[in-house]
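Me: I would like to go through some of the labels given to this structure and see what each one rests on. Please set the values against the cut-offs.

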Amino acid sequence: MTTDDLLIKALGSALSDEEARLLSSENDTAKLVTVAGQIRDLGHQNIVSYSRKVFIPLTHLCQDVCHYCTFAQVPRKLQAPYLTPEEVLKIAADGARAGCKEALFTLGDKPERRYKAARDGLKALGQESTLSYLRDMAELVFNETGLFPHLNPGLMTADEFAELRKVSISMGIMLESASDRLTEKGMPHYGSPDKVPAVRLETIRLAGEASVPFTSGILIGIGETRAERIDSLLVLREANQAFGHIQEIIIQNFRAKPETLMANAPEPDLNELLWTLAMARIIFGPAMNIQAPPNLSPGVLQQIVDAGINDWGGVSPVTPDFVNPEAPWPHLSHLADETAQAGKLLTERLAVYPEYAAHTEKWIDPQLQPFVRQALDGQGFARTENWSAGAVVAPPEGDLGRISSLPKSPVSADLANIIERATAGEELQVSDIVRLMKARGDDFTHVCQAADALRRQVAGDEVTYVVNRNINYTNVCYFKCQFCAFSKGKMSENLRGRPYDLSAEEIMRRTREAWDRGATEVCLQGGIHPEYTGETYIDICHTIKQVMPEMHIHAFSPLEVWQGAKTLGLTLDDYLGQLKEAGLGTLPGTAAEILDDEVRQTLCPDKINTAQWFEVMEAAHRQGFNTTATIMYGHIERYDHIAKHLLRIRQLQARTGGFTEFVILPFIHMEAPMFLKGGARKGPTFREAILIHAIARLALNPYFRNIQASWTKLGHEGVRACLNAGVNDLGGTLMNETITRAAGASHGQETSPEEMEAIIRAAGRIPRQRTTAYGEVSESQRQKSMSAPELSEPVYTAARKYERSGPKKPLYRPGLEGQSEAAAPAGTDQLQTETLTSSDIL
């Protein structure tokens with residue numbers, strides 16, 4: 001094969017070792033660079049990442065004597081053999097204040113083997129070894145500052161990996177070269193036992209066995225040939241195949257330093273660096289992270305990006321590069337500008353890359369996993385904002401401004417194709433939606449604006465809302481949903497608020513008051529009380545219709561419907577028919593969360609599974625009910641789970657047409673049990689929160705007219721932003737919102753019609769008050785809604801305990817179909833009650 005043939009093959013599949021060696025005869029660097037850039041874009045699109053780090057040189061002593069190194073020093077040139085804990089902590093604290101997330105520990109390799117000063121220094125510190133001291137300092141830095149340690153300690157044993165993995169999220173060792181020739185007399189690694197390729201490769205292998213996200217790479221220009229460089233890259237590729245643990249390959253260009261044996265050695269020129277970067281990308285393919293340190297090549301960063309890198313490595317706003325002290329870090333704003341001029345967006349990551357951060361249970365020690373999750377966005381990059389759903393915090397200005405601003409660069413070609421197909425009504429693939437979710441920078445702007453253009457075409461400039469009242473009839477629940485801070489039961493007694501079970505009289509009072517305040521709908525949901533049967537839900541409907549026949553009842557998620565049918569021994573269709581006769585108007589599509597059982601097994605294992613949710617919805621549509629569809633995201637799911645959820649909803653809507661709207665609900669983390677236990681992220685970032693509305697508009701086209709944003713979770717400023725990203729409905733005024741507030745949200749329990757219309761007009765849109773079915777509201781109800789009196793204090797009937805005096809009945813857990821649990825006594829139980837105020841509940 002010719003080199004041209006090999007380059008064509010490389011765009012679609014991996015080259016063999018032999019093919020890579022053949023390709024290395026290609027001297028046309030520009031040709032290699034062109035292909036390398038295309039391969040990089042397949043895996044990393046328009047992103048070039050970096051880690052904001054602080055550099056902690058624990059010791060400059062080293063048992064090796066590499067001929068090019070100025071980091072390693074002899075004891076007489078140092079004030080002390082090791083940094084003290086106080087010095088370590090000061091450096092780390094300075095970094096934390098500057099916004100760093102990574103603490104990079106760099107040190108010489110086991111200097112106590114060479115220097116008495118090192119042994120004495122360790123003894124004075126009460127340490128057995130340099131690595132024991134490293135472990136303690138990494139733990140200290142993490143505990144005191146929250147910075148995530150990345151460790152470069154040199155050669156290690158399996159036991160040392162196991163110990164250091166407990167206090168770090170990544171480690172690394174540069175292979176530098178796989179050539180034994182460089183260890184011979186007169187060569188740069190002569191006299192450095194730790195630079196023997198075989199022992200370094202053994203350390204890399206042990207890192208894989210220990211499931212450590214690992215950094216490695218090569219140093220170019222130290223006397224190796226191009227062929228030896230390619231062999232080194234191929235050896236690293238082979239080392240990664242067994243465990244997949246090498247998260248990045250660094251291509252570091254040699255810089256000659258005064259007072260070293262290689263002070264006068266020639267440095268590799270730019271062509272040599274670009275050729276090596278391009279070959280590395282071609283050999284490792286689109287997925288690998290290829291890194292080049294930006295401080296070693298000032299003035300040519302755009303060309304380095306073009307050569308196929310997707311990462312700049314750690315960049316410190318606080319400390320110098322102690323390995324290359326003559327090469328200062330570029331200012332982050334300058335690095336962002338240089339990256340942008342190359343057509344890429346500079347994006348912050350942690351010391352662990354997104355592909356590994358997305359699977360913390362495999363790659364991160366259990367004690368560190370909660371902290372890593374809370375530092376991530378949904379893609380696995382660093383969370384860099386204080387905003388979170390439910391919190392009264394201003395959105396980040398950058399993403400807020402991008403939604404409606406004029407993008408500076410054209411949309412990425414692959415995104416343009418996806419947007420075009422979505423706008424035409426084609427069904428997207430999972431990979432298409434995942435790509436949309438990854439949109440950042442100008443690509444984010446293009447996706448939002450494409451969605452809004454489609455919204456204008458489908459729904460016009462009208463924005464609708466409904467005046468309604470939430471009635472959450474009980475917060476007692478026997479299900480164990482890990483995200484819920486509302487329910488009260490055996491597994492959630494530590495959560496704030498007290499258990500209650502509303503009386504029929506209070507439900508009637510709230511219904512009548514809602515109608516008098518202009519509502520046309522009551523929305524009823526609650527916990528699955530162990531004493532509730534299907535008859536309970538029917539009785540609630542009768543209760544409402546008895547006092548207010550004109551009120552529309554929007555009630556009972558698929559979970560209530562499934563449980564109600566099961567307790568009465570009815571089919572779904574028969575039970576839904578009884579609910580319709582009792583006055584039920586429509587059903588909310590809640591209990592959906594993420595419609596993928598991989599997520600549900602952790603999120604809500606005993607709740608209805610994906611197939612059961614769809615079974616209820618399809619039965620409801622078959623019975624003539626309209627329903628909503630929802631998603632609750634930003635917790636443990638990945639972007640591919642969101643994609644599958646959207647496509648499954650779309651496919652049912654294409655069959656039945658029964659969904660009136662798609663409602664998007666970000667996870668509220670503050671009081672959620674799974675977050676408090678360290679099992680979830682902090683909800684979506686602002687970018688993700690806006691973007692998912694735009695993606696829903698595109699992915700659900702042409703089957704959904706209405707895309708709804710939640711003011712209770714996003715706040716007024718958040719939903720205003722969504723109105724520029726494909727949204728045409730703001731849901732209900734609610735009057736009494738308790739579920740989201742129980743989770744820790746702070747956006748209030750009612751948004752009045754006057755406020756709704758002000759939000760809509762501020763966005764340059766036309767407000768319209770609607771009914772549940774998107775019809776017109778009577779003028780009399782509309783007028784009442786616009787001058788509504790204050791709500792009376794709601795009354796909650798407390799559910800305190802049961803007198804267990806009869807046989808226990810089964811509790812149906814559809815997610816564990818085939819299983820049941822003996823629980824609350826039936827028949828003669830007497831519920832002890834008391835009256836609570838709303839302050840007792842929240």
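This is a predicted model: local features need pLDDT of at least 70, side-chain atom pairs count only at pLDDT 80 or more; totals for chains, interfaces and linings use all residues.

Me: What makes lysine 110 count as buried or exposed?

Reply: The cut-off for buried is under 20%. Lysine 110 has 9% relative accessibility and therefore counts as buried. The residue belongs to the loop between strand E2 (102-107) and helix H5 (116-124). Lysine 110 is not a glycine, yet its phi is positive, at about 35°.

Me: How do you know whether alanine 256 is buried, partly exposed or exposed?

Reply: Partly exposed lies between buried, under 20%, and exposed, over 50%. Alanine 256 has a relative accessible area of 21%, so it is partly exposed. It sits in the loop between strand E6 (246-253) and helix H10 (270-284). Leaving out residues up to four places away in sequence, alanine 256 touches Met262, Ala263, Ala265 and Glu267. Asparagine 324 is 68 residues from alanine 256 in sequence, and their C-alpha atoms are 9.6 Å apart.

Me: Why is glycine 634 called buried, and which residues does it touch?

Reply: Its relative accessible area is 2%, and buried means under 20%. Glycine 634 is therefore buried. Apart from residues up to four places away in sequence, it touches Phe667, Arg681, Lys682, Gly683 and Pro684. Glycine 634 is found in the loop between strand E15 (626-633) and helix H26 (639-656). From glycine 634 to aspartate 377 the separation is 257 residues in sequence and 8.3 Å in space, C-alpha to C-alpha.

Me: What makes H22 and H23 roughly perpendicular to each other?

Reply: The axes of helix H22 (residues 558-568) and helix H23 (residues 572-581) cross at roughly 105° and come within 9 Å. Angles of 65 to 115 degrees count as roughly perpendicular, and H22 and H23 are therefore roughly perpendicular. In the contact, Val561, Trp562, Gly564, Ala565 and Leu568 of H22 meet Leu572, Tyr575, Leu576, Gln578 and Leu579 of H23. By class, the residues of this contact are eight nonpolar, two polar and no charged.

Me: How do you know how H31 is set against H32?

Reply: The crossing angle of helix H31 (residues 753-762) and helix H32 (residues 779-786) is roughly 90°, with the axes coming within 8 Å. That makes H31 roughly perpendicular to H32, given the range of 65 to 115 degrees. Pro753, Glu754 and Glu757 in H31 meet Arg782, Ser785 and Met786 in H32. The contact of H31 with H32 has two nonpolar, one polar and three charged residues.

Me: Which residues line the largest pocket nearest its centre, and what is its volume?

Reply: Its volume is about 1,400 Å³. There are 48 lining residues, and Leu345, Arg402, Arg440, Gly441 and Asp442 lie nearest the centre. Elements giving two or more residues to the lining include helix H3 (29-44), strand E9 (345-349) and helix H19 (442-459). The lining divides into 16 nonpolar, 15 polar and 17 charged residues.

Terms used. Residues are numbered from 1 along each chain as its sequence is written. Side-chain values use heavy atoms; hydrogens and water are left out. On a 1 Å grid over the protein atoms alone, a cavity is a set of points where a 1.4 Å probe fits but cannot get out, and a pocket is an open set with protein on both sides within 12 Å along at least five of seven lines; lining residues have an atom within 4 Å of a point. Grid points are joined across faces, edges and corners, and a volume is the space filled by probe spheres set on the points. Helices (H or I, at least four residues) and strands (E, at least two) are DSSP runs, numbered from the N terminus. Ala, Val, Leu, Ile, Met, Phe, Trp, Tyr, Cys and Pro count as nonpolar, Asp, Glu, Lys and Arg as charged, and the others, Gly among them, as polar. Buried means under 20% relative accessible area, exposed over 50%, partly exposed in between (1.4 Å probe, protein chains only). Contact means heavy atoms within 4.5 Å. Axes are lines fitted to C-alpha atoms, for helices over the stretch in contact, and angles run from 0 to 180 degrees between N-to-C directions. Angles under 35 degrees count as roughly parallel, over 145 as roughly antiparallel, 65 to 115 as roughly perpendicular and the rest as oblique.
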